[in-house]
Amino acid sequence: MDERKPAGTGAQDLGAPGPRYERWWRDTYAPLVRDRGEREALFRTLSDIEVAPLYTHEHLSDFDPETQLGYPGEFPYTRGVHASGYRGKLWTMRMFAGFGTPEETNGRFKALLDAGQTGLSTAFDLPTLMGYDSDHPFARGEVGKCGVAVSSLADMEVLFDGIDPETVTTSMTINSPANAIWAMYLAMAQRRGADLRKVGGTTQNDILKEFIAQKEYIFPPAPSVKLVVDTLEWGPKEVPRWNTVSVSGYHIREAGSTAVQELAFTLADGIHYVRKGIERGLDVDTFAPRMSFFFNVHNDFFEEIAKLRAARRIWAREMRDVYGARDPRSLMLRTHAQTAGVSLTAQQPLVNMSRVAIQALAGVLGGTNSLHTDAYDEALSLPTEEAALLALRTQQVVAYETGVTNTVDPLAGSYYLEHLTDEMERQARVYFEQIDAQGGVEAAIESGFFAHEIGDASYQQQRETDAKTRITVGVNAFRTESAQMPVLLVDPQVVDVQLRRIERVRAGRDPAAARDALALLRSAAVDGLNTMPAFMACAHAFCTLGEQMDVLREVYGVYEESVQV
Amino acid sequence: MSDHPIRVLIAKPGLDGHDRGAKVIARALRDAGMEVVYTGLRQTAEMIVNAAVQEDVDAVGLSVLSGAHMHYFREVSELLRQRGADDVLLFGGGIVPDQDLPALRELGVARVFTPGTSTQDVVAYLRETVPTRRRAESEG
């Protein structure tokens, strides 16, 4: 109605949800804004969801808390998967670390455990992520640079030296070569006498988001997904405490997506793995309980909290109502979260600590089960030990000083938050329909749908930053010169250490055993059998990562995306 | 001579797949009226320099976030020189600490843009630098 939207004030009108809101708008809000104006013509979240000046109970008129929220530890898990929230157990503080040689990273792991961290998370270098040994020509210049180099079981044994695989859970950010690296970790544990039934941890193993966002894929989508399904099938039987896949929105967001796209694409990926597992003839309740998730926590505080709550609700509903899961653990979306690396600035880097603290709080209020907080110097280099420690301390402040952990899901019932949570679920379901209409996730990857969606979103964000309609403190506003920060320098000797160890491995192993194990892998791949037993044999026989991936490159071929800007 | 559009090659050297920055820059330069060639992922220095020579570009921008910037800038710079293309402006962007900037300048890297740079700054930089270099080249 025209009289509710006076000309020239920019007062944002999203329509009145009911008469009480309408009265307030007409009598109190509109006259004020007509006189004084507002800072923006349009208020919206980072994902471009329009935000009204006020949310009231009238905005939630269709909202039934019993069906939309339920109770903590109960369907649809909007309020969290644990009935006691953080009262029983805090989230796992799990800092992503890895650089240089396995020896150096082992030192960082032990320092983090000594500082009170409760789980490990391993960053591998690019050659490892792409399935090349440290001595491959493509590895030149990259060994140990953005993570630790692991080319064989020998590296894995050094990396986890003195760390008990039965008591410390380890997450490994590895995707295309995940099966091989996981097998090396398990072989390491077995050689130390560990019982695989007691070994816990996570392999990221989410190849779909690599095609969508991070682009560290090797093989084409179909065989890549087949390798993931091998772990869904084998893992629960052999390593029942292992999270076989961590379906990741983190990288989708870092590549420039909105929060809604992150939510929708990640859950679509998770659902794709479920469909493929069922297609193989697996009972969904055998593998779904070991699937976990990984989300970004970015700057828009309420939107991020809403995203995590919506994710749990959508997953529970899809799994129960569409995929027929009955085990409650299949319905529970357990997630790791990490603060947004892409939100960090190279300018005035200490300001990043404030960003990280607020993002961490959003993750906790969103009910994350595990958290990594970024270090303030990550827009410059890998974190120094001091910066990584401060980031861990930030989580400890949230955990022990703020009191937000005292009651479960303390923000539930907030008119704004519940509105946003509903809106994000609604928008995510629109994307599900678009993806299904194209023939599913793999088809949408091949058609470039995701790249196009994310590319447009990231370009729009950059244009808004350039135009200063989106403010980044220290970047396009409030600029001051900052002093040079100390950065982590990776020891250039890392390559030599790695080359010597690979040489020793190749010279010292039983060549027949290595050859047989690789032949076993080849026949498993050719015959379409589960590859995990063969990867275990390869690990124990000290086959290198590159040798194993070369076998699969020959059988499956390699993938190249069509370039589009 | 100096009035045809600025031609730029944006390249992703090495194994890293983080292409957000490269794509955003490519699009911003194109929107600013430049002719932009984007190489796609996983390019060797040789592939990049071949493309630069074939496409006869004024400038090559490398996007490196993996910490391997010294290695790739050195290789591309040396190959450009070997191919007689050292008049091409070499610049870049990514996760590069200040500490490495002097060594990169020594290698002939004209400018490195770090996270937070406005695309307009990159546009302005190329508009200012490329015509000057073209003039110097035609006079020399």
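This is a predicted model: local features need pLDDT of at least 70, side-chain atom pairs count only at pLDDT 80 or more; totals for chains, interfaces and linings use all residues.
Residues are numbered from 1 along each chain as its sequence is written, and chains are lettered from A in the order in which they are written. Local features need pLDDT of at least 70, side-chain atom pairs count only at pLDDT 80 or more, and totals for chains, interfaces and linings use all residues; side-chain values use heavy atoms, with hydrogens and water left out.

**Stop 1: the two domains of chain A**

Select 2–60 of chain A for domain 1, then 74–466 for domain 2. These bounds come from an automatic or database domain assignment. The domain centres, taken over C-alpha atoms, lie 38 Å apart. Now show the contact (heavy atoms within 4.5 Å). Domain 1 of chain A brings eleven residues to it, and domain 2 of chain A brings 19.

Together the two domains bury about 1200 Å², 64% of it on carbon and sulfur atoms. Buried area here is the accessible area (1.4 Å probe) that two parts lose on being put together, summed over both. Pick Leu46(A), Ile49(A) and Tyr55(A) next. This trio supplies 46% of the area that domain 1 of chain A buries against domain 2 of chain A, more than any other three residues.

**Stop 2: a charged pair between the domains**

Select Arg44(A) and Glu464(A). They form a salt bridge, with the closest N and O atoms 3.5 Å apart. The rule asks for a side-chain nitrogen of Lys or Arg within 4 Å of a carboxyl oxygen of Asp or Glu. It finds one such bridge across this domain interface.

**Stop 3: chain A against chain B**

Bring chain B into view. Here 44 residues of chain A are in contact with 36 residues of chain B. About 3200 Å² is buried between the chains, and carbon and sulfur atoms give 53% of that. On chain A, select Tyr459(A), Asp466(A) and Val565(A). They lose the most area to chain B, together 21% of what that side buries.

**Stop 4: salt bridges and helices at the chain interface**

Three salt bridges are counted between chain A and chain B. Zoom in on Asp19(B) and Lys215(A), whose side chains meet in a salt bridge at 2.8 Å, N to O. Then colour helix 19 (449–466) of chain A, one of the elements that give two or more residues to the side touching chain B. Helix 19 of chain A gives the most, with nine residues. Helices are DSSP runs (H or I, at least four residues), numbered from the N terminus.
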